[in-house]
Amino acid sequence: MTSRHRPPRPQGRRRAPHGPRSPAERRPETLFLYGLHPAIAALSNPARRVNRVLATPNALARLKAAGVSLPAEPEETSPRDLDRLLGGDTVHQGVVLEVAPLDPVEIGALHDKRLVVCLDQVSDPHNVGAILRSAAAFGADAVLSTARHAPTETGVLAKSASGALDLIPLVTVGNLARALDDLGYDGFVRIGFDEAAESTIEAAFTGARIALVLGAEGKGLRRLTREKCDRIARLPTSGSLASLNVSNAAALGLYVARRHLDSLA
């Protein structure tokens, strides 16, 4: 499948706003992050405002050993108290941060980047967290997610991302089709994943800027999202399970994308 013709950006065209729907809906004033890796990443992120640090003596020692600076006097607590705060099933590893959400990142900040992941209504925070983690591992510049039918910044998302939420920008866009237009005007080759595609991902990669586009499990890419892609590709799987979890597909796609981009250096 050949790349579609990409017209030049119309003169005077202004980027449509792709931010969150509203602060009330998408951005709580504070949230709890928990677990050692998310806590260390948040404390190491100068853009993250940390209001409180609650930690057991053991977890506090591990934070100090990691070399992070604590912005306020930490509050020593017990595992039982943290269980009461978050719920008994939460794996907090003895540390909870009360933080402000990160400031939104606009899509215009990506115009000079090289590798992004676009998620078409992927709603499971565990999957989005795992995708953020893979994006950080393979040097992606951002993950784009839709404002609707997608998770907001939460402790579950941060824990699943294992610290990557504070390493990789999560860009929330109101209209994915328009966001893909913007990426196309900036020279990104938009590669959509579909298990029924004829082309494999190895044959799909071209160009110096890549946007991987993945749909929700079950539904896949929506029609308009698919139409905005320059190429549609599949992962060459075999056996009784013909498709992969979206986070696994993202990891494999990022690996191939990184190899392609590195080959151009």
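Biologist: What does the accessible surface of the protein chain come to?

Modeller: About 13,000 Å², and 49% of that belongs to carbon and sulfur atoms. The area is from the Shrake-Rupley method with a 1.4 Å probe, and for residues only the protein chains shown count as cover. Keep in mind that this is a predicted model: local features need pLDDT of at least 70, side-chain atom pairs count only at pLDDT 80 or more, and totals for chains, interfaces and linings use all residues. Residues are numbered from 1 along each chain as its sequence is written, and side-chain values use heavy atoms, with hydrogens and water left out.

Biologist: Okay, and what share of the residues count as buried?

Modeller: 47% of the 265 residues in the protein chain. Buried is under 20% relative accessible area, exposed is over 50%, and partly exposed is in between (1.4 Å probe, protein chains only).

Biologist: How many helices and strands are there?

Modeller: The protein chain has 10 helices and 11 strands. They're DSSP runs numbered from the N terminus: helices are H or I with at least four residues, strands are E with at least two.

Biologist: Let's zoom in on strand 6. Why is it described as largely enclosed?

Modeller: 5 of the 5 residues of strand 6 (residues 142–146) are buried, so the rest of the structure largely encloses it. A142, L144 and T146 lie on one side, V143 and S145 on the other, and they're all buried.

Biologist: Which way do strand 5 and strand 6 run?

Modeller: Parallel, with 4 bridges joining strand 5 (residues 115–120) to strand 6. L119 has S145 of strand 6 as its bridge partner. The chain gets from strand 5 to strand 6 through helix 5 (residues 125–137), in a right-handed β-α-β crossover. Right-handed means that, with the strands pointing away from the viewer, the path from the first strand over the helix to the second runs clockwise.

Biologist: And what about the sheet of 4 strands, what's the order there?

Modeller: That open sheet runs 1-4-2-3, and its pairing is mixed. Strand 1 (31–34) and strand 3 (75–76) each have a single partner strand, so one side of each is left without a neighbour in the sheet. Strand 1 runs antiparallel to strand 4 (residues 95–99), joined by 4 bridges.

Biologist: Last topic: where is confidence lowest?

Modeller: In helix 1 (residues 23–26), with a mean of 38, while strand 5 is highest at 97. Those are pLDDT values, the predictor's confidence in each residue from 0 to 100. The chain averages 87, and 86% of the residues score at least 70. Over residues 12–26, pLDDT stays under 50. Where pLDDT is low, the predicted coordinates should not be read in detail.

Methods. Two strands pair if DSSP finds at least two bridges between them. Contact means heavy atoms within 4.5 Å.
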